[in-house]
Amino acid sequence: MSNKQPPEIAPPPPLKFSLHQWHLNNRHRYRCSEAQQELADRLLNESQRVCELSSEKVRNNKEETDHRLKEKIEDIEFRKRELLRIRKEVLLEIDALSIYKERIMDALSSVRKNAFVICEKCLIFREHRLGIDLVHDDIEKELLKECEVIKGVESLLVRTLEQTQEQIRRLKATLYYMDHELEDKENNLRIDKHNLTLKETNLNLSIYHGTSRLDPSTIELNEWEMQTNNNIVSASKEVNSARPLRCYIDTIIKQVINDLNDQKNATDEAFRRRIEETKEAKVKLELQHAEIMRQAAEMKDNITRIEKSIAEKESFLALAHTRLGNRCQRPGLELTRDLVEINLVKEVYDLREIVSKLQATIFESQASLRYLLKTQIQIEEDINVKINTLKIDEVDCMTLRQSMDYHTY
């Protein structure tokens, strides 16, 4: 191989321009410089104008947003006040209805556990009446009617209690929805009030670089307004329904108490009449008993007198028999049928007839005495029956019925 080096190539000589080209180039450069300067001036002016406009727009936007925030806060606070106002009414109505509910429950308990039990006990007590006094009288009719009235009152009070409980439940449901909305509005107020205090100079500001939307709101303003309006309207409706219900409860309680008192008075009046009637019958029986005892004592004395009279007549009869027997010992013609013998025989016949009549009278008197004594026992039994009836009606039942107290509760 040859070590020969290639020949060096000399650069071509620089291009030479004419004087005219030099002047043209200078003028071109000058015009370009002026154009760039004009463009720069326009850009500077435009930039200043844009910055001023953007700053003003930003300030206006912020002021508008702050104004809207204030309006929104005022709107929320107004709606919150309205909700709190109707919420207070709902709470007052719940408290009032709860008191009425207690009144109904007290009345129901008194009717169910006191009045009805007393009526049933009175009916059971009266089953222990004896003999002829175990009758279907006005007291029994009124007691059975009173049981029916009490059952009807109980049924009416139960229905009224159920209506009251349902109204309280609906008021509490309305209160729950209002509390939920108030809580949401309170959180909304907290957020918007905090937003209102924020300034562009705060240090805790940040720019969001996430992918999720920063305006996820899907609820329209009219829907938001409608929710509060609906809650207020619903609460007002329930309050307006509860108020006449309380008037209805007052009327019902007053009516049932009047009905119960009327029936109680009718039953007590039946008891009073029956007790008075029983006492009158007892007094008459006691008078008859005293008269029977007096007649029985007189009859006993009468029997004793008759027995004594019969004994006396038997003495006279024995005397007449003895005289006739002695005169049978007369001798011969002295055994004559003289006036003495005729009179003695007549005396004997008369005495026998008298004794026979007296014995018949004593039999009748003894029979009358037995009937009087039997009647006395029957009257004593009747008096005991009346005493038992009076104890049941006047002592047991009426004492028990004194605890029946109907009031307005």
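Colleague: Which residues does Glu 200 touch, not counting residues up to four places away in sequence?

Modeller: Glu 200 touches Lys 62 and Leu 205. Contact here means heavy atoms within 4.5 Å. This is a predicted model, where local features need pLDDT of at least 70 and side-chain atom pairs count only at pLDDT 80 or more, while totals for chains, interfaces and linings use all residues. Residues are numbered from 1 along each chain as its sequence is written, and side-chain values use heavy atoms, leaving out hydrogens and water.

Colleague: Why is Glu 200 called exposed?

Modeller: Its relative accessible area is 59%. Exposed means over 50%, buried under 20%, and partly exposed in between (1.4 Å probe, protein chains only). So Glu 200 counts as exposed. Glu 200 lies in the loop between α2 and α3 (221–327).

Colleague: What makes Gln 376 buried?

Modeller: Gln 376 has a relative accessible area of 14%, so it falls on the buried side. Gln 376 sits in helix α4 (residues 339–401). Leaving aside neighbours within four places in sequence, Gln 376 contacts His 289, Ile 292 and Met 293.

Colleague: How far apart are Glu 200 and Gln 376?

Modeller: They are 176 residues apart in sequence and 119 Å apart in space, C-alpha to C-alpha. Across the whole protein, 28% of the 409 residues count as buried.

Colleague: How many helices and strands are there?

Modeller: There are four helices and zero strands. Helices (H or I, at least four residues) and strands (E, at least two) are DSSP runs, numbered from the N terminus. Along the sequence, the pattern is α-α-α-α.

Colleague: How do you know that the protein is more spread out than a compact globule?

Modeller: Its radius of gyration is 64 Å, well over the 22 Å that the globule rule gives for 409 residues, so the protein is more spread out. The radius is taken over C-alpha atoms, and the rule is 2.2 Å times the number of residues to the power 0.38. Along its principal axes, the C-alpha trace spans about 245 × 65 × 30 Å.

Colleague: At what angle do the axes of α1 and α2 cross?

Modeller: The axes of helix α1 (residues 19–126) and helix α2 (residues 138–197) come within 6 Å and cross at roughly 160°. That makes α1 roughly antiparallel to α2. Angles over 145 degrees count as roughly antiparallel, under 35 as roughly parallel, 65 to 115 as roughly perpendicular and the rest as oblique. Axes are lines fitted to C-alpha atoms, for helices over the stretch in contact, and angles run from 0 to 180 degrees between N-to-C directions.
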